[in-house]
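Me: I'm new to this one. Can you walk me through it?

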Amino acid sequence: MKALIAEKVKKTYKSRKRKTEALKGVDIEVEKGEIFGILGPNGAGKTTFIKICSTLLNKTEGTVKVLGYDLEKDEKEIRKRIGYIGQDSERSTYARLTGKENLEFFATLYNVHKEDFLVRLEEFKKTYDNDEIFDKEVMKLSGGQKQAIVVMRGFLHNPDLVFADEISKGLDPIAAKKIRNFVKNYAKGKGKTIIMTSQIMSEIEELCDRVAIIFEGKVVAIDTPQNLMDDLNMQLIELRLRTGEIASPEFLQKLIDLETVSAIEQENGFIKLPVTDSAEAFERIMKICKDFDLNPVISYRTATLEDVFLKFCDKKVELEV
Ligand SMILES: Nc1ncnc2c1ncn2[C@@H]1O[C@H](COP(=O)(O)OP(=O)(O)O)[C@@H](O)[C@H]1O
Ligand SMILES: [Mg+2]
């Protein structure tokens, strides 16, 4: 059984003044046990999609099945089995209650047995390794500490599927790593499904089995992070000039004249050269640098998930150049 089947999902927000087509026909299927990432720039429609699938927002068109249940007919069944971690953490907790009291309150709301709650709380404490966030009133916690409580809230009732929107928002790198480990153990240890968004590419790359890239309300790519990166077929040589060194037009022309160099891009003292044959390019580039009396730091890399993101989501910029 699939954890999620979304077909031709459309959403139009209407106000008196304007209509916004936030989703223009989104098809996404997620397998049970997968950690699935949704990537896209601000305003792409990620939150809209997640809210629709979590029963928090009505779609305009299309069909959605969550854990085998139809969104339209079985909303209650779906709600029992999913967790939702919203992007807006301020409104997800009670400021005057402690972290633990907040979790206790929501556990009661979800009908979690006391014993189960205590087991869960121990799990969270072990993950987070800092009791402060559980014992202090939430209003006295930092943004990131609050977010940790909000994340834990989403897992309280042992849901089969967790929707996590901007899960690591505001978390410092150490807390973010703890949460990532928790998510990984939850999905892989218990066979549960996670559908998440994040603006942190390395996080998506580390966690997600597959990702969908949404751009302007449409899915523009869907695959494993590795396949998406391989598909770019990118080899990049970067030159970083040393202080005082200047790339003359003649120097740049020599680089672009090389057969293995397919383009050239200059940015803050970096010269980026996509190449087809890195070994040959390396040698020739070194020689040109020597001829021009330049001694830049030369590095080589293949595509990252950020390159994939830019390829699909930065089209307008490209057209303007
Ligand atoms: N409640 C709303 N009313 C009107 N427009 C909205 C509302 N929520 C979101 N939008 C619009 O829908 C589009 C998608 O937003 P959203 O789903 O929040 O994107 P993302 O989460 O990818 O940043 C944006 O253009 C946004 O301005
Ligand atoms: Mg969002």
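This is a predicted model: local features need pLDDT of at least 70, side-chain atom pairs count only at pLDDT 80 or more; totals for chains, interfaces and linings use all residues.

Me: OK. Which domains does the protein chain have?

Reply: The domain assignment gives domain 1, residues 2-225, and domain 2, residues 235-302.

Me: What separation do the centres of domain 1 and domain 2 have?

Reply: Their centres are 43 Å apart, taken over C-alpha atoms.

Me: Switching to the ligand. Which residues surround ligand 1?

Reply: Tyr13, Thr20 and Ala22 are in the shell, along with Gly40 and Asn42. Gly43, Ala44, Gly45, Lys46, Thr47 and Thr48 complete the list.

Me: Which elements supply at least two residues each to that shell around ligand 1?

Reply: Strand β2 (19-31) and helix α1 (46-53).

Me: And which gives the most to the shell?

Reply: α1 does, with three residues.

Me: How does the shell around ligand 1 split by class?

Reply: Seven residues are polar, three are nonpolar and one is charged.

Me: Now helices. What numbers describe a packed pair?

Reply: The angle between the two axes, and the distance between the axes.

Me: Which residues make the contact?

Reply: From α3, Gly99, Asn102, Leu103 and Phe106. From α6, Ile149, Met152 and Arg153.

Me: What classes are in that contact of α3 with α6?

Reply: Four nonpolar residues, two polar and one charged.

Me: Next pair. How do α9 and α12 cross?

Reply: At roughly 70 degrees, and their axes come within 9 Å. Helix α9 is residues 225-232, and helix α12 is residues 305-313.

Me: So are α9 and α12 roughly parallel or roughly perpendicular?

Reply: Roughly perpendicular, because 65 to 115 degrees counts as that.

Me: Is the crossing of α9 and α12 left-handed or right-handed?

Reply: Left-handed.

Me: Which residues meet there, in α9 and in α12?

Reply: Pro225, Leu228, Met229 and Leu232 are the α9 side. They meet Leu305, Asp307, Val308 and Lys311 of α12.

How values were computed: Residues are numbered from 1 along each chain as its sequence is written. Chains are lettered from A and ligands numbered from 1 in the order in which they are written. Two residues are in contact if their C-beta atoms, placed from the backbone, lie within 7 Å. Helices (H or I, at least four residues) and strands (E, at least two) are DSSP runs, numbered from the N terminus. Ala, Val, Leu, Ile, Met, Phe, Trp, Tyr, Cys and Pro count as nonpolar, Asp, Glu, Lys and Arg as charged, and the others, Gly among them, as polar. A residue is near a molecule or strand if its C-beta atom, placed from the backbone, lies within 6 Å of it. Domain bounds come from an automatic or database domain assignment. Axes are lines fitted to C-alpha atoms, for helices over the stretch in contact, and angles run from 0 to 180 degrees between N-to-C directions. Angles under 35 degrees count as roughly parallel, over 145 as roughly antiparallel, 65 to 115 as roughly perpendicular and the rest as oblique. A crossing is left-handed if the near helix is turned anticlockwise from the far one by less than a right angle, and right-handed if clockwise.
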